[in-house]
Amino acid sequence: MSVKENLNGIKKNLPPTVTLVAVSKTKPDAVIQEAYETGHRVFGENKVQEMTQKWERLPKDIAWHMIGHVQRNKVKYMAQYVSLIHGVDSIRLLAEIDKQAKKHHRTIDVLLQMHIAEEETKFGLDREELNHILSSEEFKQMRNINLRGLMGMATFTKDKAQIRKEFQHLKKCFEETRQKHPEIDTLSMGMSGDHHIAVEEGSTMVRIGSSIFGARN
Ligand SMILES: *Cc1c(COP(=O)(O)O)cnc(C)c1O
C-alpha cells in the first residue's frame with residue numbers, strides 16, 4: 001500500500017472531529033511531499049533540528065507539530081513556525097516557550113503532557129503537578145502561551161484493557177482541566193497501535209506514523 005492509500009484509509013475511519021497528525025519523523029522529504037499531495041497538512045516530528053530542516057525545505061502551509069520531548073535550549077529554533085508543541089511537562093519549559101514566542105510576536109499553542117503509562121521512561125506530569133502549574137501565578141502571567149489541552153502516551157503493551165484504562169484516566173484529567181479552562185479543546189492520545197481505543201475514549205487528535213509511512217529503522 002502507498003502512503004496515499006494508507007493516509008486515506010485511516011482518515012476515512014476517523015470521526016471528523018479527530019485531527020490526524022501524520023508522524024513523519026525519520027522519513028525523507030519525498031515521502032512527506034507524497035502525503036502533502038493528498039491535501040494533508042499536519043505533520044509531527046520528535047526532533048527540533050530535523051523538523052526545522054523539513055520546515056525550511058517543504059511547503060510553508062504545513063502545520064508542524066512537535067510531539068517529542070523538548071529541551072529548553074532547542075525551543076528558539078522552532079519558535080518562529082511551530083504550530084503545536086505536544087510534550088510540555090514543566091513550568092520552566094513553558095517559560096522558555098513563552099519567552100521565545102514573544103520574540104517572534106506570536107503565541108504558541110501547547111499541550112501539557114501527562115504521565116499515564118506504567119513505564120517510568122515516559123515523560124509527563126501527574127495530576128498534582130498539572131494542577132500546580134495551572135494554578136501558578138507564573139503560568140497565569142504567560143501572555144504568549146496558548147494552552148490547548150493535554151497529551152499522553154499509553155503503556156506499550158498488548159493488554160487492551162490496560163491501554164483503555166490509561167486513556168480513560170487522561171480523558172478524566174482533560175475534563176477536570178476543562179472545568180477551569182473551558183477554552184481547551186485538544187486531547188492528543190492514540191498512535192498506530194492504539195488509536196482505535198483512544199478515539200473510543202474521547203481523543204480529539206491522534207499521532208500516527210508507522211501505519212501511514214511504514215516501519216521506521
Ligand atoms: C513516534 C511517535 C508517534 C507515532 O508512533 P507510531 O507507532 O509510528 O504511530 C506518536 N507519538 C509520539 C510521541 C511519537 O514519538
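Buried here stands for under 20% relative accessible area, exposed for over 50%, and partly exposed for what falls in between (1.4 Å probe, protein chains only). Helices (H or I, at least four residues) and strands (E, at least two) are DSSP runs, numbered from the N terminus. All of this comes from a predicted model, in which local features need pLDDT of at least 70 and side-chain atom pairs count only at pLDDT 80 or more, while totals for chains, interfaces and linings use all residues. Residues are numbered from 1 along each chain as its sequence is written, and side-chain values use heavy atoms, with hydrogens and water left out.

β2 and β3 pair in the parallel sense, with 4 bridges between them; two strands count as paired if DSSP finds at least two bridges. Within this pair, F43 sits opposite W64 of β3. Together, β2, α3 and β3 form a right-handed β-α-β unit, right-handed meaning that, with the strands pointing away from the viewer, the path from the first strand over the helix to the second runs clockwise. β3 also pairs with strand β4 (residues 84-88), again in the parallel sense, over 2 bridges, and there H65 has L84 as its bridge partner.

Further along comes strand β6 (residues 145-152), which has 6 of its 8 residues buried and so is largely enclosed by the rest of the structure. On one hand, β6 runs parallel to strand β5 (residues 108-114), joined by 7 bridges, with I108 opposite I145. On the other, 3 bridges tie β6 to strand β7 (residues 186-188), also parallel, and G149 faces T186 of β7.

The residues around it include V23, K25, I67, M151, M153, G209 and R216, each with a heavy atom within 4 Å. As for polar contacts (pairs of N or O atoms within 3.5 Å), a side-chain N or O atom of K25 is 2.7 Å from a ligand oxygen. A backbone N or O atom of G209 lies 2.8 Å from an oxygen atom of the ligand, and a polar side-chain atom of R216 lies 2.8 Å from a ligand oxygen. The protein covers 90% of the 390 Å² of accessible area that the ligand has on its own, by the Shrake-Rupley method with a 1.4 Å probe.

Conventions:
Polar contact = N/O pair within 3.5 Å; in protein donor to acceptor, adjacent residues only side chain to side chain.
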